Amino acid sequence: ILRMGAFHTICMLLGIIGKRFQDAGLRDLCVESQVIVEGSVSGVLEGRRYNRAVRLHKLVYEALMRQAWSGFRVWIAEKHNDKACLVEDMFVSLQSLRDNVCAAEFQTKFCDNSFSKVTELFRRYMLVLRHENGKLSEFWMSYLDLIDLLLAMIRASREGD
């Protein structure tokens with residue numbers, strides 16, 4: 001049975017993502033932010049420029065997730081004010097991880113009970129964005145889902161999994 005390898009499958013996924021989101025502002029975002037020059041943007045969005053496309057999608061993914069975390073703090077203050085202290089304490093405690101990035105510190109934070117509570121709240125907030133915040137939010141959340149899939153495929157191919 002002939003089948004495409006991981007690289008070509010990822011390139012096809014990059015093309016699908018580009019085709020779906022280019023007219024929604026992704027093309028303009030690439031050029032206006034100066035991440036991709038105007039002459040290369042077509043190749044990037046069609047999946048023919050692998051490195052540039054992956055870099056672009058990682059940057060857009062990070063920007064959207066930063067927006068989601070900012071909105072999460074507002075959502076917590078408005079809808080779950082009783083949990084606001086828990087969330088703020090977790091953000092403060094993560095400062096020590098930022099200052100001392102090591103496996104032991106990561107494990108300590110990851111196993112903390114407050115971390116799991118906050119991640120569950122964030123998961124609920126992401127569901128609100130997916131289903132209760134309008135069609136535009138749902139559309140861009142599908143972008144995040146596709147980039148999650150893309151990054152998981154890249155990781156799996158690099159790890160041989």
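1. Being three residues apart in helix α4, Trp69 and Phe72 are separated by about one helical turn. The coordinates come from a predicted model, and the points below should be read with that in mind. The ring centres of Trp69 and Phe72 lie 5.4 Å apart with the planes at 85°, which makes the pair edge-to-face, because planes over 60 degrees apart are put in that class. Trp69 is partly exposed at 26% relative accessibility, whereas Phe72, at 0%, counts as buried.

2. Trp69 and Phe72 also belong to one aromatic cluster, whose other members are Trp75, Phe91, Phe122 and Tyr125. In the structure as a whole there are 16 aromatic pairs. Among them is the pair of Phe21 and Phe139, which is tilted, with 4.7 Å from centre to centre and 45° between the planes. Since Phe21 lies in helix α1 (residues 6-21) and Phe139 in helix α8, this pair ties together parts that are 118 residues apart in sequence. Phe21 is buried, with a relative accessible area of 0%, while Phe139 is partly exposed at 21%; the latter value can be set against the cut-off, because buried means under 20%.

3. For the overall fold, the secondary structure comes to eight helices and zero strands, so that the elements read α-α-α-α-α-α-α-α from the N terminus on. Along the principal axes, the C-alpha atoms fill a box of roughly 50 × 35 × 35 Å. The protein has 161 residues, of which 35% count as buried.

4. Turning to charged side chains, the count comes to nine salt bridges. One of these salt bridges joins Asp145 and Arg130, with the closest N and O atoms 2.4 Å apart. Because Asp145 lies in helix α8 (residues 135-159) and Arg130 in helix α7 (residues 113-131), the pair ties together parts that are 15 residues apart in sequence. Asp145 is partly exposed, at 32% relative accessibility.

5. Arg66 is exposed, with a relative accessible area of 55%, whereas Glu62 counts as partly exposed at 36%.

6. Arg48 and Glu46 form a further salt bridge, in which the closest N and O atoms are 2.6 Å apart. Glu46 is partly exposed, with a relative accessible area of 48%; this value does not reach the exposed class, because that class requires over 50%.

7. Which residues form a negative surface patch? The patch is made up of Asp23, Asp28, Glu32 and Glu38. Of these residues, Glu32 has its place in helix α2 (residues 26-32) and is exposed, with a relative accessible area of 67%.

Technical notes: Residues are numbered from 1 along each chain as its sequence is written. This is a predicted model: local features need pLDDT of at least 70, side-chain atom pairs count only at pLDDT 80 or more; totals for chains, interfaces and linings use all residues. Side-chain values use heavy atoms; hydrogens and water are left out. Patches are made of residues with over 30% relative accessible area and no salt bridge: like charges are joined within 9 Å, nonpolar side chains (Val, Leu, Ile, Met, Phe, Trp, Tyr) within 5 Å. Accessible areas come from the Shrake-Rupley method with a 1.4 Å probe; for residues, only the protein chains shown count as cover. A salt bridge is a side-chain nitrogen of Lys or Arg within 4 Å of a carboxyl oxygen of Asp or Glu. Lys and Arg count as positive and Asp and Glu as negative; His and the chain ends are not counted. The place of a charge is taken as NZ of Lys, CZ of Arg, CG of Asp or CD of Glu. Helices (H or I, at least four residues) and strands (E, at least two) are DSSP runs, numbered from the N terminus. Buried means under 20% relative accessible area, exposed over 50%, partly exposed in between (1.4 Å probe, protein chains only). Rings of Phe, Tyr and Trp (its six-membered ring) pair if their centres lie within 6.5 Å; planes under 30 degrees apart count as stacked, over 60 as edge-to-face and the rest as tilted.
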